[in-house]
Amino acid sequence: MKLHKLYIAAIICFFSTNLYAQTENLPPAKKDKFAIYAGIGPSIYFNNLVLAKDFVNPVQYSFAGRIMWEPEHLLSLGLESGYYRLYSVSFPEQPEAKISNSAIPIQVVISMKFLKTFYFNFSSGQTVLINKVHKPKYGDINASTLSIGDYAGTLGYKKKKKNHWSILAEVK
């Protein structure tokens, strides 16, 4: 008897969705389902180093690229990668000695639009961390490691300029 009620409920759900489906007054289908984003800007490192704290240059550069699948809904899915110089250290008493730390993320991005021009991105994935030390007397020391559990959040503003061009501003 319970199975019989389940079949009836499934049939009612199937026909009710077909009866109430609308085909009129729908917005036109979006032609471009994929979008490519590219950006460059400053990268500010919040210094938590103990040694050589005063010699750290926290303002560096970064650039990133993102390819997104943007269906007709408010959610988008894509991949992001880039290059972020996290910080560099230089010592006044030894100007030839330099230390730098950089990151290259490879992450999956989920984006959600809210309001009309604002969006929020959540990204998660892996990051290659690159640490370089240069001291002429002892040579170069280059090390890299893979961080497998990184995530990021981005709040952005998007202003459409022409048919296929937009200007964006993001805080990550």
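**Entry 1: terms for the patch**

I count a residue as part of a patch if it has over 30% relative accessible area and no salt bridge, with like charges joined within 9 Å and nonpolar side chains (Val, Leu, Ile, Met, Phe, Trp, Tyr) joined within 5 Å. A salt bridge here is a side-chain nitrogen of Lys or Arg within 4 Å of a carboxyl oxygen of Asp or Glu. Accessible areas come from the Shrake-Rupley method with a 1.4 Å probe, and for residues only the protein chains shown count as cover.

A note to myself on the source: this is a predicted model, where local features need pLDDT of at least 70 and side-chain atom pairs pLDDT 80 or more, while totals for chains, interfaces and linings use all residues. Residues are numbered from 1 along each chain as its sequence is written, and side-chain values use heavy atoms, without hydrogens and water.

**Entry 2: the overall layout**

I looked up the elements and found one helix and eight strands in the chain. Helices (H or I, at least four residues) and strands (E, at least two) are DSSP runs, numbered from the N terminus. The order from the N terminus is α-β-β-β-β-β-β-β-β. I also checked burial: of the 172 residues, 23% count as buried. Buried means under 20% relative accessible area, exposed over 50%, and partly exposed in between (1.4 Å probe, protein chains only).

**Entry 3: who pairs with strand 4?**

Which strands run antiparallel to strand 4? I call two strands paired if DSSP finds at least two bridges between them.

- Strand 2 (residues 56-57) joins strand 4 (residues 75-91) through two bridges in the antiparallel sense, and Asn57 has Ser88 as its bridge partner.
- Strand 3 (residues 59-69) is antiparallel to strand 4 too, with eight bridges; Met68 is partnered by Gly78. Five residues lie between strand 3 and strand 4 in their hairpin.
- Strand 5 (residues 94-114) runs antiparallel to strand 4 over 14 bridges, and Leu75 is bridged to Met112. The hairpin of strand 4 and strand 5 has two residues between them.

**Entry 4: the nonpolar patch**

Back to the surface. I found a nonpolar patch made of Phe34, Ile36, Ile67, Trp69, Leu74, Leu75, Leu77, Leu79, Val108, Ile110 and Met112, with about 1,100 Å² of accessible area together. Strand 1 (34-44), strand 3, strand 4 and strand 5 each give two or more residues to the patch. I picked Leu77, which is in strand 4; Leu77 is partly exposed because its relative accessible area is 42%. A reminder for reading the numbering: in a regular strand the side chains alternate between the two faces of the sheet.

**Entry 5: rings**

Next I counted aromatic pairs, taking rings of Phe, Tyr and Trp (its six-membered ring) with centres within 6.5 Å; planes under 30 degrees apart are stacked, over 60 edge-to-face and the rest tilted. The count is six pairs. One of them is Phe114 with Phe118, stacked at 6.3 Å centre to centre and 20° between the planes. Phe114 is partly exposed, at 33% relative accessibility, and Phe118 is partly exposed with a relative accessible area of 33%. Tyr61, Phe63 and Tyr83 are linked by ring pairs into a cluster.

I also looked for a charge over a ring (NZ of Lys or CZ of Arg within 6 Å of the ring centre and within 35 degrees of the ring normal). The charged end of Arg66 sits over the ring of Tyr37, 5.1 Å from the centre.

**Entry 6: a positive phi**

Where does Leu115 lie? I find Leu115 in the loop between strand 5 and strand 6 (118-135). Its phi is near 55°, a positive value in a residue other than glycine. I flagged this because most residues other than glycine have a negative phi. Leu115 is exposed, with a relative accessible area of 71%.
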